[in-house]
Amino acid sequence: MNDNSDKSNQGDEQELSGIHFLDDAETCEFTVVENDDEFRTYHQESQPGLKIIAQKYRSCEGLLVSPEAGDFTKWLRRNHPELNIGISKKDGILVLHSSDYWMPLVYLGSNIALPIYLNLVSSYIFARMKGALRNEKARVHLEAVYHDEKEGVSKKFHYEGDSEGLQKIIKKIDLNRFLDK
Amino acid sequence: MFSTEQVNALFQKLRLRILHALYQIDGLCFEECEKDLTEMRAVINAHGQSWHSEIDEVLNEVYVVNRFVDLLSSYSTTWLNISKKKYSASWGSLQSSMDHLRSVKKFTNGTSSIILDFFENQLIELEKLYPYKIFVSMGASVEWFECSICGKDMDSLECEHIKGELYRGKLAYATAKKIGSIDHVAMVKYPQDKRCVIQYDDDGPQFKLVRYVTDLLTTKTMSPFSFHHLEYSKRMETNPDFRKLPRNEKCYCGSGKKFKKCCEDKKLVEFDHVDIVPRKTELSNIFPSSAGAP
């Protein structure tokens, strides 16, 4: 994993005449957010929590939150009431009929480090997978914007892959942080 | 499997009927099985109504017993459709069986159960008999979702229900309200609903494997509960395209090379081979008529 648009794999979605084919490829990337005014404003308020952000999605009208936004928010409120969960203004909810978990774009507050957020997502996916058959794996899509203390910049973390891959990434980030100290 | 006294007693009462229904499925007596299941539903319904003021746990476990009966019903329909060569329909009933199994597993908190393990193993193997590998999925925008329990916006703070959880024996689900634009149709490997497939004719070559299972059933070589798993291997078989030519002549395959430098040694070719492996299953072992848990 490297900074600045280093993708471990690309081409997760191929487009051909308006039809999309999704494959199993794993993507993990960190990019520096250039236009980060909105995030900086949120971050400087030192909110103890996170904010779910609605986004433009392809040809859909208005700003939409990802399919898991509602369930994830409720899960956080029930299991982590200490977190302040904000939601940006939205016009609707995106519905994608794949079995993947499409997590919303989030801004991480000053008290939530990226690995902590990733652990929250991992626990949420584990809870959602209750009852799954033994051959069924969870595929996760997530994006989080956070403040990189070391470099003093805003960064976006993007991940697409299975929940086991996510666990490995959490361990890698933790190890990097440990080696940095 | 059940933690409340009332529902445990109800399940014990149903045990013999359930075992009888399993024997009916194994003997391909699907109509008789459906009669057993109808009677069971009447018993559960009668108990459910008399327990309407009971604590949440009891009502939630009644929901699980109902899903277990639904699982048996879909399972029976799957084998009925396979035996009647209705392969597209059997895919739908197989998916329903898997949905009910997920529900039962989820709300029994992963309690170890021989019969649930049996169904899980067999249904996963059965699924492999079908040609469906790519599914259809769509992307759209929705204004809001209505909660099935309170009718409020499920994603709002006013609604306290969580999708997929049980509330006094009722499942909370979300109904899309005000569907906006439909953005795309995608082809995916892991869809939300595996019923979204491109349909094939029941007599098409795509159902070759499951058709073989029909033959095994109708010739009484195998019964539903003895279908166990698939074994994959490679086998050398006679190449149907092979033509013996003089060694220096141009090869028949169109490569432009001489036969001796091309397909001379391709009289036998490697094919994928699948064995359907049966295993004798004693129904009274996977579902004892008087045990503490199924």
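**View 1. Chain A at a glance.** Chain A holds four helices and 11 strands; helices (H or I, at least four residues) and strands (E, at least two) are DSSP runs, numbered from the N terminus. This is a predicted model, where local features need pLDDT of at least 70, side-chain atom pairs count only at pLDDT 80 or more, and totals for chains, interfaces and linings use all residues. Residues are numbered from 1 along each chain as its sequence is written, while chains are lettered from A and ligands numbered from 1 in the order in which they are written. Of the 181 residues in chain A, 34% are buried, a label for residues with 20 or more other C-beta atoms, placed from the backbone, within 10 Å of their own. Take the contacts in chain A between residues at least 6 apart in sequence: 71% of them join residues at least 24 apart. Here, "in contact" says that the C-beta atoms of two residues, placed from the backbone, lie within 7 Å.

**View 2. The open sheet of chain A.** Six strands line up in the order β3-β11-β10-β9-β4-β7 (chain A), and their pairing is mixed; two strands pair if DSSP finds at least two bridges between them. At the edges you'll find β3 (27–32) and β7 (84–87) of chain A, each pairing on one side only. From one strand to the next, the twist averages 20 degrees. Helix α2 (residues 69–79) of chain A packs on this sheet and touches β4 (49–53), β7 and β9 (101–108) of chain A. The direction of α2 makes about 160 degrees with that of β7(A); such angles run from 0 to 180 degrees between N-to-C directions, and axes are lines fitted to C-alpha atoms, for helices over the stretch in contact.

**View 3. Zooming in on β3(A) and its neighbour.** β3(A) runs antiparallel to strand β11 (residues 153–162) of chain A, and six bridges join them. Look for A:Glu29, whose bridge partner in β11(A) is A:His158.

**View 4. Where chain B meets chain A.** Chain B puts 33 residues into this contact and chain A puts in 30 residues. On the chain B side, α4 (87–107), α5 (114–127), β1 (135–147) and β4 (174–188) each supply at least two residues. β4(B) gives the most, with nine residues. Sorted by class, the chain B side has 15 nonpolar, eight polar and 10 charged residues. (Ala, Val, Leu, Ile, Met, Phe, Trp, Tyr, Cys and Pro count as nonpolar, Asp, Glu, Lys and Arg as charged, and the others, Gly among them, as polar.) Pairing crosses between the chains too: four bridges join strand β8 (residues 92–96) of chain A to β1(B), and the two run antiparallel. There, A:Leu96 stands opposite B:Gly139.

**View 5. Two helices of chain B, side by side.** The axes of α4(B) and α5(B) come within 11 Å and cross at roughly 150 degrees. Residues of α4(B) in this contact include B:Leu94, B:Met98 and B:Leu101, and those of α5(B) include B:Phe119 and B:Leu123. By class, the contact has eight nonpolar, one polar and three charged residues.

**View 6. The two domains of chain B.** The domain assignment, automatic or from a database, gives domain 1 (5–131 + 281–286) and domain 2 (135–188) of chain B. Their centres, taken over C-alpha atoms, are 27 Å apart. Six residues from domain 1 and four residues from domain 2 make the contact. Helix α3 (residues 56–83) of chain B gives the most to the domain 1 side, with five residues.

Key. Buried ≥ 20, exposed ≤ 12 C-beta atoms within 10 Å, placed from the backbone.
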